[in-house]
Structures are given as C-alpha cells and as structure tokens.
Amino acid sequence: LSSKEKAIADAQNEIRRLKNEIARFKRTILEQEETHSSTMREKNSYINELERSHIDHKSEFEKQLRIQEQNHHRRTSDLEEIIEKLQHEVKSINKAYQESGDRAKSIIAAKESALAETENKVEEFKSLISKLETELLEQNENQNHFE
C-alpha cells in the first residue's frame, strides 16, 4: 500500500507539476499574445499615422501643384497678351514708318521733278539770254556799222 500510495503521491505531484507547467505555458502564450497584439496595434497605429501623413502630404502637394499650374497659366496668358500687344505695336510702327517712307519718297520725287523742271527753265533762260545777248551784240555792231 505504501508503494501504491507513494506512486499515487508521485503521480499527483507529477500531475501538479504538469498542470503548473501547462499554466506557465498558458501564461507565456497569453503574454506573447498580448505582446504580439500590442505590437500589432502599435504597428497598425504607426501604419495609420503614415497613411494619414502620406494623404496629407499628397493633398498639400496637389494643392501646391494646382496653385503653380494656375500661376503658370496666368503668367503664360499675361506673356501671350504682352507679346500680341507688342506685335501689334510693331506692325503699327512698321506701317506708319512705311507710310512715312512712301510719303517722303513721293515728296522727294515731286521736289526732284520740280528741281529738274526749274533747272530746265534756268537752262532755257540762259540759252535765251545768250541768244538775246548775241542778237544785241549783232544789233550794236550793225548800228555801229551803219553809223
């Protein structure tokens, strides 16, 4: 009986030891699950923070991009307007210059024509004067001859 009691006592001790070991394993598993769960929550929280930060940065970037595009379009439009205005002014100036040049050429041509006409008349008058002088000299000589 004593050996059976001892065997029962040993078996009960072994059962207690195994129950304690199982309880320790369960506590370890629970602690690991809690640690894992806590780590997962922290990582998920960090991932969510990163996603929110990414979304915020993306939104800010898109906002700045839209502003830059609007500014670029506005500046481009302003420059195109200035270019068109300057081209129009250049065309107007060129046209006025051309018209002025044409008027000047016309005036110069008219003056040159008038000058040529005047020079012709001067030549005609010189010729006439020369002819009259010759006639006058001949008349004077004839008169002197007859006298």
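Lys 131 lies in helix H1. The model is predicted.

## Exercise 1: Lys 131

Task: Decide whether Lys 131 is buried or exposed, and find how far its C-alpha atom is from that of Ser 100.

Solution. 
Step 1. The relative accessibility of Lys 131 is 52%.
Step 2. Exposed means over 50%.
Step 3. Lys 131 therefore counts as exposed.
Step 4. Along the chain, Lys 131 and Ser 100 are 31 residues apart. Their C-alpha atoms are separated by 45 Å.

## Exercise 2: The whole chain

Task: State how many helices and strands the chain has, then judge its overall form from the radius of gyration.

Solution. 
Step 1. The chain has one helix and zero strands.
Step 2. The radius of gyration is 61 Å. For 147 residues the globule rule gives 15 Å. The value for the chain is well over that, so the chain is more spread out than a compact globule.
Step 3. Helix H1 covers residues 2-146.
Step 4. Now take the spans of the C-alpha trace. Along the principal axes they are about 210 × 20 × 10 Å.
Step 5. Check the burial. Of the 147 residues, 1% are buried.
Step 6. The chain exposes about 14,000 Å². Carbon and sulfur atoms supply 55% of that area.

## Exercise 3: Distances along the helix

Solution. 
Step 1. Thr 118 is found in helix H1. Its relative accessible area is 44%, so Thr 118 is partly exposed.

## Exercise 4: Salt bridges

Task: Find how many salt bridges there are, and work out which residues are linked in a network.

Solution. 
Step 1. The cut-off is a side-chain nitrogen of Lys or Arg within 4 Å of a carboxyl oxygen of Asp or Glu. By this rule there are three salt bridges.
Step 2. Begin with Glu 14 and Arg 17. Their side chains meet in a salt bridge of 2.4 Å, N to O. The two are three residues apart in helix H1, so about one helical turn separates them.
Step 3. Arg 17 also pairs with Glu 21. The closest N and O atoms of this salt bridge are 3.0 Å apart. Both residues lie in helix H1, four residues apart, about one turn of the helix.
Step 4. Join the two pairs. Glu 14, Arg 17 and Glu 21 are linked in a network of salt bridges.
Step 5. Glu 14 is at 34% relative accessibility and counts as partly exposed. Arg 17 is partly exposed at 40%. Glu 21 is partly exposed at 23%.
Step 6. Turn to Glu 123 and Lys 126. Their salt bridge has its closest N and O atoms 4.0 Å apart. They are three residues apart in helix H1, so about one helical turn lies between them. Glu 123 is partly exposed, with a relative accessible area of 47%.

## Exercise 5: Charges and patches

Task: Count the positive and negative side chains, then name the residues of the negative surface patch and of the nonpolar one.

Solution. 
Step 1. There are 25 positive and 31 negative side chains. The centres of the two sets lie 23 Å apart.
Step 2. Asp 78, Glu 80, Glu 81 and Glu 84 form a negative surface patch.
Step 3. Glu 84 lies in helix H1. Its relative accessible area is 55%, so Glu 84 is exposed.
Step 4. Leu 79, Ile 82, Ile 83 and Leu 86 make a nonpolar surface patch of about 380 Å².
Step 5. Look at two of its members. Leu 79 lies in helix H1 and counts as exposed at 53% relative accessibility. Leu 86 has a relative accessible area of 46%, so Leu 86 is partly exposed.

Conventions:
Residues numbered from 1 in each chain as written. Predicted model: local features only at pLDDT ≥ 70, side-chain atom pairs only at ≥ 80, totals over all residues. Heavy atoms only, no water. Patch = residues over 30% accessible without salt bridge, like charges linked within 9 Å, V, L, I, M, F, W, Y side chains within 5 Å. Areas by Shrake-Rupley, 256 points an atom, 1.4 Å probe, with all protein chains shown as cover. Lys, Arg positive; Asp, Glu negative; His and termini not counted. Charge placed at Lys NZ, Arg CZ, Asp CG, Glu CD. Buried < 20%, exposed > 50% of the residue type's maximum accessible area, 1.4 Å probe, protein only. Rg over C-alpha atoms; globule rule 2.2 N^0.38 Å.
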